[in-house]
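Subject: Structure handover

Hi,

Here is the structure for you to look over. My notes on pockets, cores and ring pairs follow below.

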Amino acid sequence: PAFALDLRFVQTGGQTRVLHTQGEAMYDEQGRATRVMGTLQDITERTAAENRIKFLAYYDSLTNLPNREMFNGMLRRAIDAGERYRRQFALLFIDLDRFKVINDSLGHDAGDMLLVEIGGRLRRALRSSDVVARLGGDEFVVILEEASERHEVERIAGELLSVLSQPLLLSGHECHTTASIGIAMYPADGVDMQ
């Protein structure tokens, strides 16, 4: 019988190599395996390229946060779980105020640095069970799956606004950012993705 396997090896320096092997066993007249004939190919670079393509399909390449595609799937699952288990959750839509001014005055590199910093601040300010995604441009979204009280969600949104307003250094300039946050509670404010 033929076989095909991908094998991962960690080298002494910590580098991982991926090898693909395929072959076929040869048998004698008594049915005993006497040898194996096949090939062995290093597919490390191909595997890395495939993994990068998969990553870019579901994650924002700038912030490494889930992108719109992945977020839509996560929101569908949250809605399904909310319906099935009669759970509430909150959705926070975050838009940076006057982001265009940063891009226009300090350049797109500074704008990119700001987006990376904002994504990091959001991730650090929330629980690991919360979802933070970048939809595009200066729009971020958060799913608070373990939030059932509106006042608690409003408190979290206030804390996020405070975290996002802390000054940061961009291209040698101290910048102060502000954001706007919209809140929707499931199911009180809606039961579908729209």
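What volume does the largest pocket have? About 190 Å³. Before the rest, the ground rules. This is a predicted model: local features need pLDDT of at least 70, side-chain atom pairs count only at pLDDT 80 or more, and totals for chains, interfaces and linings use all residues. Residues are numbered from 1 along each chain as its sequence is written, and side-chain values use heavy atoms, with hydrogens and water left out.

Pocket and cavity

Both terms come from a 1 Å grid over the protein atoms alone. A cavity is a set of points where a 1.4 Å probe fits but cannot get out. A pocket is an open set with protein on both sides within 12 Å along at least five of seven lines. Lining residues have an atom within 4 Å of a point. Points are joined across faces, edges and corners, and a volume is the space filled by probe spheres set on them.

The lining of the largest pocket has 13 residues. Leu91, Ala184, Gly190, Asp192 and Met193 lie nearest the centre. Helix H2 (68-85), strand S4 (89-96) and strand S9 (179-186) each supply at least two lining residues. S9 gives the most, three. Helices (H or I, at least four residues) and strands (E, at least two) are DSSP runs, numbered from the N terminus. By class, the pocket lining holds nine nonpolar, two polar and two charged residues. Here Ala, Val, Leu, Ile, Met, Phe, Trp, Tyr, Cys and Pro count as nonpolar, Asp, Glu, Lys and Arg as charged, and the others, Gly among them, as polar.

One cavity reaches 30 Å³ or more. The largest cavity has a volume of about 40 Å³. Its lining is Ala78, Ala81, Gly82, Arg87, Gln88, Phe89 and Glu145. H2 provides the largest share of that lining, three residues.

Cores

A nonpolar core is a set of buried Ala, Val, Leu, Ile, Met, Phe, Trp, Tyr and Cys residues joined through side-chain atoms within 4.5 Å. Buried means under 20% relative accessible area, exposed over 50%, partly exposed in between (1.4 Å probe, protein chains only).

The largest nonpolar core has 27 residues. Ile94, Leu96, Leu114, Leu122, Phe140 and Leu144 touch the most other members. H4 (108-125) is one of the elements that give two or more residues to this core. H4 also gives the most, five. Another core, of 11 residues, lies apart from it, with Leu75, Phe89, Ala133 and Val141 among them.

Aspartate 130 sits in the loop between H4 and strand S5 (131-136). Aspartate 130 is buried, at 4% relative accessible area. Beyond four places in sequence, aspartate 130 is in contact (heavy atoms within 4.5 Å) with Arg123, Ile143, Leu144 and Glu145.

Ring pairs

Rings of Phe, Tyr and Trp (its six-membered ring) pair if their centres lie within 6.5 Å. Planes under 30 degrees apart count as stacked, over 60 as edge-to-face and the rest as tilted.

The whole structure has two aromatic pairs. Phenylalanine 55 and tyrosine 59 have ring centres 4.8 Å apart and planes at 5 degrees, so this pair is stacked. Phenylalanine 55 is partly exposed at 24%, and tyrosine 59 is partly exposed at 27%. Phenylalanine 89 and tyrosine 186 are stacked too, 5.0 Å centre to centre with 15 degrees between the planes. This pair links strand S4 to strand S9, 97 residues apart. Phenylalanine 89 is buried at 5%, and tyrosine 186 is buried at 8%.

Best wishes
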